[in-house]
Amino acid sequence: MRRRADQLIALEVDILETALKLQRRGKAEFHGYAIAQSLQDETGARELLGHGTLYKALDRLERRGFLTSYWENEATAAAEDRPPRRLYTITAAGQRALAEAVAEERQTTRGRVGRPAPAWR
Amino acid sequence: MIEIVHSVIMTIIVRLVIRIATLVTSAAVIPTAERIVMAGTRLCTWGLGADVRERRLREMQSELFEQRQADFAAGLPNEQIAKHILARWMRGILDELSWRWEVRRLPQLPLEEKSKPPIVPPVADFQVDAQFIPGQYPPATVPALLIDDGGHSRMMGWVARRRYEEEQRSRWMAAVAAQRMAAWGDEVIPVAGSITPTAMKTDVTSRTLRLGLHSQMNRR
């Protein structure tokens with residue numbers, strides 16, 4: 001079955017889910033490596049997501065308004081002696097899209113046991 | 001006797017050289033791996049817009065740093081860290097290329113047009129829609145950006161430098177920007193002047209604030 005252009009792919013759903021979980025734990029903002037690590041922990045993947053795969057997904061989510069991002073203050077980064085991080089946050093639109101995607105997935109997987117493994121793993 | 005002393009000294013020197021070489025090589029593997037990844041990223045972003053390219057390169061630099069630190073903290077040897085860096089980059093190459101293809105398909109201004117200074121109309125009426133993130137916004141009924149002079153300057157900064165550090169300072173999360181801001185893009189436009197609110201509508205359910213603004217600006 002062909003995927004709709006506006007449909008989220010499994011990795012994008014996983015990223016939004018993880019971002020929301022981080023937000024609930026009080027970490028509303030995350031950087032690329034943090035989300036890659038959290039995704040690995042959440043999904044039990046053996047390896048960290050490839051750079052290109054991660055940033056392509058983040059870029060697409062941001063272009064669709066599901067994530068928003070900004071460069072952290074240079075001074076903050078300099079104080080910790082590291083390069084500045086690009087910090088991402090899930091938007092209200094992202095939360096809605098995630099809820100819709102999860103509901104849609106539940107409908108399509110009704111009758112199956114458990115959630116299918118992410119395609120990117 | 002001399003031959004024995006010579007032989008012992010030579011053995012010590014050779015061992016020392018081997019030890020130093022091993023140490024140097026071991027220490028150099030991580031920067032080498034990182035240089036390879038950065039070169040690959042430069043190649044993948046070659047010919048894309050300067051802002052897109054710079055952002056990806058800066059993000060990659062930060063990413064490599066974080067990964068290296070995490071691997072160091074886990075007590076991994078240098079060779080293993082370098083292997084992780086290269087393997088992770090290689091796993092994403094296909095997506096990197098398809099991302100490049102996607103980005104190139106996005107409508108972009110021709111370079112000549114991009115290099116021209118953006119046109120900021122001295123007087124303009126426009127509208128801003130801002131969406132707030134729960135727990136991170138000032139109360140929607142009191143838009144912090146319009147309270148005082150500091151607010152005014154932040155507002156101007158935010159308008160001109162959408163998605164940059166001003167956004168962090170003001171804690172505003174813009175989901176949709178005004179038409180004129182979209183036309184300005186993300187370029188930094190130093191402006192002087194004033195922005196006066198002409199209308200304000202807050203939708204608490206969707207956490208959206210719609211501002212009608214009248215601007216009177218001159219580019220510095």
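Me: I start at B:Ile9, which lies in helix H1 (residues 2–44) of chain B. What counts as a helix or a strand?

Reply: Both are DSSP runs, numbered from the N terminus: helices (H or I) need at least four residues, strands (E) at least two. This is a predicted model, where local features need pLDDT of at least 70, side-chain atom pairs count only at pLDDT 80 or more, and totals for chains, interfaces and linings use all residues. Residues are numbered from 1 along each chain as its sequence is written, chains are lettered from A and ligands numbered from 1 in the order in which they are written, and side-chain values use heavy atoms, without hydrogens and water.

Me: How many helices and strands does chain B have?

Reply: Chain B has eight helices and three strands. From the N terminus, their order is α-α-α-α-α-β-α-α-α-β-β.

Me: Is B:Ile9 buried, exposed or partly exposed?

Reply: Buried means under 20% relative accessible area, exposed over 50%, partly exposed in between (1.4 Å probe, protein chains only). B:Ile9 has 43%, so it is partly exposed. Across chain B, 36% of the 220 residues are buried.

Me: Which residues of H4(B) are buried?

Reply: They are B:Glu96, B:Trp99, B:Arg100, B:Glu102 and B:Val103. Down the axis of H4(B), they fall within an arc of 165° (taken from the directions from the helix axis to the C-beta atoms), so they line one face. The general idea is that an α-helix has 3.6 residues a turn, so residues three or four places apart point the same way. On the other side of H4(B), B:Leu94, B:Trp101 and B:Arg105 are exposed.

Me: Now chain A. What does A:Glu12 touch?

Reply: Contact means heavy atoms within 4.5 Å. Leaving out residues up to four places away in sequence, A:Glu12 touches A:Gln7, A:Ala57, A:Arg60, A:Leu61 and A:Arg64. A:Glu12 lies in helix H1 (residues 10–24) of chain A. A:Glu12 has 0% relative accessibility, so it counts as buried.
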